[in-house]
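I opened my notebook to keep a record of what I looked up, beginning with a sheet and ending with a helix.

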Amino acid sequence: MGTFKKPAALLLSAVLLMTLLAGCQSDSAAPAATPSAEPTTEAVATAAPEATPAATEAATAEPTPAASAGSSEAIKEGTIEKEGNVVLKELAFVYKDQTIALSDIVDDAKLESMLGKATAKKSHTYSLDDGKNMDTLIGRTENTYTFPGLEIKTIDSGDGKQFYIFNMKITDPKYTTVRNIKVGDSLDTLKKAYPEGTLTGDGAPEEEDDFRFAPSNYVDYMLFHVKGAKIESISISTLLD
């Protein structure tokens, strides 16, 4: 009987030892706990990108004057077909529901149909020895049309056939700008109609000055000559090169 109990006790001890070893191996092989796949509220808030200064500025920027309905309503289309020419609509004058703009393609008949017969017309073809020092215009012809209170200058586009307006000078209040400004209006009225313009001199009301309005570039512009705080003349021009 004693001989039988001793091997049984040894077998039980071996089983217990193997059980303990198996438990240790199971604990060491268990993977470390991973974080939940769904982000917490705090993590989402942290991950959200902040708005950039440019995006904030774009979202809060006010519309420009050109984008407002008020400014676009004041602009009229030129009466003459532009034929692909890009013309600044603002640089024009209105007479008897006809709008004549800078760079309009015209001839004697078209001008007469809108303004009546010119009181005078003169032409000049630029040459090397004409004393005008306009080498880039050599061979091109300039026409000057005179109407009561208005002078219009045209120049050919280089082929000697089509002439476009490059200068208009107004001295009569019957010709108005597309913003309804005319000769004789006050400087204050002019400033309200053209807040984008600037006085080129000191701007003293009792003295002479020029008020310049250039809606897109320095080449195409409108110049209001002011004397005694009133508009004395209006010039609409483009620089020739």
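I began with the open sheet of 3 strands, whose order is 2-1-8 with antiparallel pairing; strands here are DSSP runs of E of at least two residues, helices are runs of H or I of at least four, and both are numbered from the N terminus. Two strands count as paired if DSSP finds at least two bridges between them. The edge strands are strand 2 and strand 8 (176–177), each of which pairs on one side only. I found 2 bridges joining strand 1 to strand 8, and the partner of F93 in strand 8 is T177.

I noted that this is a predicted model, in which local features need pLDDT of at least 70 and side-chain atom pairs count only at pLDDT 80 or more, whereas totals for chains, interfaces and linings use all residues. Residues are numbered from 1 along each chain as its sequence is written, and side-chain values use heavy atoms, with hydrogens and water left out.

Which residues of helix 5 are buried? In helix 5 (residues 108–115) they are L111, M114 and L115, where buried means under 20% relative accessible area, exposed over 50% and partly exposed in between (1.4 Å probe, protein chains only). Seen down the helix axis, these buried residues fall within an arc of 80°, taken from the directions from the axis to the C-beta atoms, so they line one face of helix 5. The face turned away from the buried side carries the exposed residues A109 and S113.

Lastly, I looked at the ends of helix 5: D107 caps the N-terminal end, with a side-chain oxygen 3.2 Å from the backbone nitrogen of A109, and G116, whose phi is positive, near 90°, follows the helix.

Key: A polar contact is a pair of N or O atoms within 3.5 Å; within protein, one must be able to donate a hydrogen and the other to accept it, and residues adjacent in sequence count only if both atoms are side-chain atoms.
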